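Student: I have a structure open and some labels to understand. Can we go through them one at a time?

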Amino acid sequence: MPTDLKPAPARVPVPVRTPAHRRRRLPNPVPGVVLALFALFFVLPVLWLVLAATKTDDQLVHGHPLSFGSWADLRANWNALTAYQGNAIFEWLGNSALYSSFALVITLCVAVPAGYALAKTEFRGRRALLVTTLVVMLMPNATLVVPLFLELNTAHLIGTMWSIVLPYAFYPFGVYLAYIYFTTALPGELLDAARLDGCSEFGAFRRVALPLATPVVALVGFFSFVANWTNYFLPYVMLPESDQFPVQVGLGTLLNDVPQFNPTAAGLAVQRPVLALATLLAITPVLVVFLFSQRFLVAGMLAGATKH
């Protein structure tokens, strides 16, 4: 048998070249177009509102919708707004801040521990309480105004600050958000280790769970503050005096004094650019709160995205 046979050389694979038109794909323009349309849909009304405050009423109706008026007209609208019912706009803003802040403190003190208890403790009636929370959360707020009015009237609280603060503080959506966070984003091993070290259930919540729950606390606080600030129907029913109104009900009062919207308006007529300026003042606090808390809001929204 021949012994000088050499092994055949290994074949080197030849790279397969794909056509250039298949390697280089053009980006899909549809998502960009959709995002641009949504941006225009949301940005244009806000831009129009900002520019409307710089115009006279005649310019607002007959001028270009996105044209700038003048700084003099803006100053005149500001003077007219602050002169309405003796600086009533600032009183309304202060009332909104007071009601929303008090309710926010109570909400955080109740909703976050309640969500923790539903997520990490076992007790009789836990499932029924969770289902009740979900059902109440899905109910429109307007359906609860009449029962709340009857209840608060029995307690002689109608026309007081507490007729607004206590219903504002009832926030089942915040309980549900805290429940979801503590269920998905808080490892049970940390709580077990705290209990082994001698912590009570409240100690484990205060020392372990609460420091890790900053994102969801910010999320519950932001949603609660926005819901309280923008609530109209409840304070409209509960508060009889103008000096008690929050800013949303105050805007309704201004709207009633605009002749173009209410032909029977009597007394001091309010021009539409003045109403636009008041609307900007009403939404500014929510915008400021969002800008300062957006980092925590994003963290809270993504808190349950991954399992630990």
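Student: Why is His-156 called exposed?

Tutor: This is a predicted model, and its relative accessibility for His-156 is 69%. Exposed means over 50%. His-156 therefore counts as exposed.

Student: Where is His-156 placed?

Tutor: His-156 is in the loop between helix H7 (145–154) and helix H8 (162–169).

Student: What makes the phi of His-156 worth a remark?

Tutor: Phi of His-156 is near 60 degrees, which is positive, and His-156 is not a glycine. Most residues other than glycine have a negative phi.

Student: Which loop holds Gln-85?

Tutor: Gln-85 lies between helix H4 (71–83) and helix H5 (88–120). Its phi is positive too, about 50 degrees, and Gln-85 is not a glycine.

Student: Why is Gln-85 called partly exposed?

Tutor: Its relative accessible area is 44%. Buried means under 20% and exposed means over 50%. The value for Gln-85 falls in between, so the label is partly exposed.

Student: What about the cysteines? How do you know which label Cys-109 gets?

Tutor: Cys-109 has a relative accessible area of 56%. The cut-off for exposed is over 50%, so Cys-109 is exposed.

Student: And why is Cys-199 partly exposed?

Tutor: Cys-199 has 24% relative accessibility. Buried needs a value under 20%, and exposed needs one over 50%, so Cys-199 is partly exposed.

Student: How many disulfides are there?

Tutor: The count is 0 disulfides. A pair of cysteine sulfur atoms must lie within 2.5 Å to be counted.

Student: How much space lies in the second largest pocket?

Tutor: About 310 Å³. Of its 18 lining residues, the closest to the centre are Val-110, Phe-170, Tyr-171, Pro-172 and Val-175. H5 gives the most to this lining, with 7 residues.

Student: What classes do the residues lining the second largest pocket divide into?

Tutor: There are 15 nonpolar and 3 polar residues, and no charged ones.

Terms used:
Residues are numbered from 1 along each chain as its sequence is written. This is a predicted model: local features need pLDDT of at least 70, side-chain atom pairs count only at pLDDT 80 or more; totals for chains, interfaces and linings use all residues. Side-chain values use heavy atoms; hydrogens and water are left out. Buried means under 20% relative accessible area, exposed over 50%, partly exposed in between (1.4 Å probe, protein chains only). Helices (H or I, at least four residues) and strands (E, at least two) are DSSP runs, numbered from the N terminus. On a 1 Å grid over the protein atoms alone, a cavity is a set of points where a 1.4 Å probe fits but cannot get out, and a pocket is an open set with protein on both sides within 12 Å along at least five of seven lines; lining residues have an atom within 4 Å of a point. Grid points are joined across faces, edges and corners, and a volume is the space filled by probe spheres set on the points. Ala, Val, Leu, Ile, Met, Phe, Trp, Tyr, Cys and Pro count as nonpolar, Asp, Glu, Lys and Arg as charged, and the others, Gly among them, as polar.
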